Amino acid sequence: MKKMEYIRSVLDVFARSPFKPLYLHASKGVETVKILDQAVNAYCTNQPLVDELSLQIDNIEHEADIIKQTIRTQLSSSIMLPVKAEDLLNFLKPQDSIADVAQEAAFMMTLRPCDMPESIRTKICELSALTLETVVKYEELVDSLSEILETSFSKREVNESLQLVPTIEEMEHRVDLIEKDLLKEIYAHEAELGPVGVLHLNQLVRTIADVADKAEHAADRLRTMILRR
């Protein structure tokens, strides 16, 4: 789909609902992280798929940017919102970072192949899988709240949906713990990996884990936006 056609399709969604594009934008972030997880597994098993998967993420991230720009443009008009426009934009920024950081992590894997011990391979795949689970749970939160904002604004339903936020925070904490264990494991194999290998894996692990951090940050901003409405 050409860029202008894609923008028109997003505008059509926005015309029906100002919150549906937020979920559409969130779903693009999830798409990038799903492909990132595939790329991580390909990278750790030396499959020649990383470049292709990185390109797929680039394309989806570009679509997410178009949605973000469309949302910002529409918010500058006289559209009536049940939440503060400033809060919505503050929430949109960390949500947009999910795809950005996934793109960065995928690109890093195209720069340098890295033979690594099996223990590190296993933990990196574990880190990526839990990061993906965190982002999928975040998408569930956005989907739930976008539906509520369009319908009842029921306090009970809002509170039930917001219970997902502590779950996302707990999952992000687990990602942090895996990240720390991985960094220790990487430095423990410094002689085998070499200085450049250690640096590369260190940055890759931190970037993958940062995806979950962005999802947790976006969830917190979303909760703030809803409670301040």
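This is a predicted model: local features need pLDDT of at least 70, side-chain atom pairs count only at pLDDT 80 or more; totals for chains, interfaces and linings use all residues.
I began with burial: 51% of the 229 residues of the protein chain count as buried (under 20% relative accessible area, with a 1.4 Å probe and protein chains only).

Residues are numbered from 1 along each chain as its sequence is written, and side-chain values use heavy atoms, with hydrogens and water left out.

Next I looked up the secondary structure and found eight helices and zero strands (DSSP runs, H or I of at least four residues for helices and E of at least two for strands, numbered from the N terminus).

Then I checked the surface. The accessible area of the protein chain comes to about 11000 Å², and 51% of that belongs to carbon and sulfur atoms (Shrake-Rupley method, 1.4 Å probe).

I turned to contacts, meaning heavy atoms within 4.5 Å. Among those with a separation of 6 or more, 84% join residues 24 or more positions apart.

On to the largest nonpolar core, which has 69 residues (buried Ala, Val, Leu, Ile, Met, Phe, Trp, Tyr and Cys joined through side-chain atoms within 4.5 Å). Its residues with the most contacts inside it include Leu36, Met116 and Tyr138. I see that α8 (190–227) is among the helices supplying at least two residues, and α8 gives the largest share, 15 residues.

Last, I stopped at Asn46, in the loop between α2 and α3. Asn46 is not a glycine, yet has a positive phi of about 55°.

How values were computed: Buried means under 20% relative accessible area, exposed over 50%, partly exposed in between (1.4 Å probe, protein chains only).
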